[in-house]
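Here's a quick briefing to read with the model open beside you. Take it topic by topic and click through the residues as they come up.

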Protein chains: 2
Amino acid sequence: MYKYELINDFVKQVFIKIGCYEEDAEKGAEILLAADLRGIPSHGVLRLKDYLNLWENNRINSKANIEVEHETPSTAVVNGGNGFGIMVAPKAMSIAIEKARNVGTGWVSMNNSNHFGIAGYYSMMALKNDMIGITMTNANPLVAPTFSIDRLLGTNPIAVAIPALKQPPFIADFATTPIARGKLDVMHRNGKEAPLGFVQDKLGNPSNNPNILTEGGAILPLGGDNEHGSHKGYCLGSIVDIFSAVLSGANFGPFVPPSVAYLPVLSNSVGKGTGHFFGAIRVDAFQPSDVFKKQMDKWIETFRNATPIEGQSKVLIPGDPEREKETIYKKEGIPLLESVVNELKSISKKYDIPFLR
Amino acid sequence: MYKYELINDFVKQVFIKIGCYEEDAEKGAEILLAADLRGIPSHGVLRLKDYLNLWENNRINSKANIEVEHETPSTAVVNGGNGFGIMVAPKAMSIAIEKARNVGTGWVSMNNSNHFGIAGYYSMMALKNDMIGITMTNANPLVAPTFSIDRLLGTNPIAVAIPALKQPPFIADFATTPIARGKLDVMHRNGKEAPLGFVQDKLGNPSNNPNILTEGGAILPLGGDNEHGSHKGYCLGSIVDIFSAVLSGANFGPFVPPSVAYLPVLSNSVGKGTGHFFGAIRVDAFQPSDVFKKQMDKWIETFRNATPIEGQSKVLIPGDPEREKETIYKKEGIPLLESVVNELKSISKKYDIPFLR
């Protein structure tokens, strides 16, 4: 277990060392760590090495300034200046929140950004303003549309955070696929088979091989096969892609640039960098804030008190598992994989920033 | 095959006969028929009998006036006056479109409504205004959240329509479950088993019985079982429910009133009627209209030209299958089930409106 404050300060110092503005470094560290705290290590400090490799290869700008390219009272297109997603994305969400304050809702589509960690963080920014937050992003193409063998979509997540009164907020944050790539890697490393409905081979046949992505295979959309509604997952992933990239002018579908330096820059591009989409909805643009939040309490209690299937302890509300982990990890420290600790140690040496003094 | 114009005129005359305003009757007939035309008969004239039964039992107001209960520049809460959903919902979408014209986007949550036919119709209203349309509705509880045996959510659909330039628009319209109730009924009538991953029995065990809903069973959320991501489908259905009913002050989850007269009015209520949610996004609130639509053409062509799996003729774009049917049915007439024709004949007699003169 590693103390939150120690890892956080280390990450921040590394970002400052590579030229980030101090407040960007601070926010970037906070967002990266938010993933680890919430039990989603695939989007946490495990990513630091990849982020730094991209910077070392001049593929990310550590001192990026965002620019509002176009706006209306409720919308904006924001250019992320090819910065770290975790540093430019919170600024885009702040603009959405400001617009919601003025006209009820705010919607920002961002181009020229990069991998931005966990989507849920940005949606949660809306909560303290008594707003609903919505976040989407496109990502490297790994997912085949229904009936296709080509990888045209990312795991394109959607995150929605909704405030309540006495109950903790509703926080949904999920990929539009049955499984994330990281979990397939874990299965492969443990020598396990993937259940059918997660991936297909390069010919589009159902596959149990969790390593099939390295052999031309693809992740299936949420739903799994067509009979079970994979076309609905394909629709969802497409909507995320279009809102994040066609509205913003970023790269869509198969043109999304890789988020790791060991994959080459794509030779063809249809826009600027990776795209995200952010929304903020003032709840009192619909109902008096207290009325809405009391009703959300009732909604949450209705679902939490539902009868569980025998063998299950309870019915969960979206956000419950992550919040439970956050409470524990904040107190007891964050469990890091040995491989990640070793990476952080190498970074510590390379950038001359002490780790775990 | 039955000519579109004949069925349409018949439905309109019936609505006028029961006291609907003429323009409501016209719009209602158009929307009901839009489902049949697009090959979704479960939401078409098959519903007319249920609609009339509700009216006969004083459970729906045929002459409903909508009322804007609250608004901001980009949002409104609209009371549907307990009217037919197919008559009051298009007015709510028009308000969203008007707001988008003014401030870039418009978002309307509607309470006190009823079953509104196909969600896609309302999203498509945005297209001719160079806007993206978004529609959601909650519905009678038939779906159990992950880990639960209780039916707390409807099949809660999401419809998103996005304009293109030379290509036909992208139109996604899907339930947040692997299957709609109507398709289970068809399997049952044909003596077929349901594949695993569609429904569970009253104890929450996986079931092959397409008739299990009549025995206390439930439809599963999109994803099927928890391993394949049913919690993501549960999140989606919940978001639709909260946007449609908590933002508007309608009934949520298990409190949504039945859309058929043979089920009793629920004794407990947490809001007004059924809820819907509508959004309109002016594409030029983000990109110049032509730039956006050209890029959508490129998006659509990229996906349409993807390599199909052997045995599949092509990769589909959301909206393709429905548009193909619409083209044929408009020309050749709509195929109606014999049972539906018989229902229409009974209605013809009861309300003294000639059918198929």
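Start in chain A, where Gln200(A) stands opposite Ala218(A) in E9(A). Keep in mind that this is a predicted model.

- Strand E7 of chain A, residues 199-200, pairs with E9(A) in the antiparallel sense, over 2 bridges.
- Zoom out and you'll find 3 strands in an open, antiparallel sheet, running in the order E8-E7-E9 (chain A).
- The edges of that sheet are strand E8 (206-207) and strand E9 (218-219) of chain A, each of which pairs on one side only.
- As background, strands of a sheet pair through backbone hydrogen bonds, in either a parallel or an antiparallel way.

**Salt bridges**

- Counting over all chains, the structure holds 34 salt bridges.
- The general idea is that side chains of opposite charge can pair when their charged atoms come close.
- Asp24(A) and Lys91(A) make one of these salt bridges, at 2.9 Å from N to O. Asp24(A) sits in helix H2 (residues 22-37) of chain A and Lys91(A) in helix H4 (residues 85-103) of chain A, so this pair ties together parts that are 67 residues apart in sequence.
- Buried or exposed: which is Asp24(A)? Asp24(A) is buried, because its relative accessible area is 5%, a value under the 20% cut-off.
- Lys272(A) counts as partly exposed at 33% relative accessibility, and Glu69(A) is partly exposed with a relative accessible area of 33%.
- In the salt bridge between Arg282(A) and Asp284(A), the closest N and O atoms are 2.6 Å apart. Arg282(A) counts as buried at 18% relative accessibility, whereas Asp284(A) is partly exposed at 34%.
- For a network of salt bridges, look at Lys12(A), Glu22(A) and Glu26(A), which are linked in one.

**Positive phi angles**

- Asp352(A) isn't a glycine, yet it has a positive phi of about 55°. You'll find Asp352(A) in the segment after helix H10 (338-350) of chain A, and it is exposed, with a relative accessible area of 59%.
- Over in chain B, Asn82(B) has a positive phi too, near 55°, and is likewise a residue other than glycine. Asn82(B) is in the loop between strand E2 (75-79) and helix H4 (85-103) of chain B, where it is partly exposed with a relative accessible area of 24%.

**One leucine to look at in chain B**

- Leu203(B) lies in the loop between strand E7 (199-200) and strand E8 (206-207) of chain B.
- Leu203(B) is exposed, because its relative accessible area is 53%, a value over the 50% cut-off.
- What does Leu203(B) touch, leaving out residues up to four places away in sequence? Its contacts are Ile309(A) and Ile149(B).
- From Leu203(B) to Glu322(B) is 37 Å in space, C-alpha to C-alpha, and 119 residues in sequence.

Notes. Residues numbered from 1 in each chain as written. Chains lettered and ligands numbered in written order. Predicted model: local features only at pLDDT ≥ 70, side-chain atom pairs only at ≥ 80, totals over all residues. Heavy atoms only, no water. Helix = DSSP H or I, 4+ residues; strand = E, 2+ residues; numbered from the N terminus. Buried < 20%, exposed > 50% of the residue type's maximum accessible area, 1.4 Å probe, protein only. Salt bridge = Lys/Arg side-chain N within 4 Å of Asp/Glu carboxyl O. Contact = heavy atoms within 4.5 Å. Pairing = 2+ DSSP bridges.
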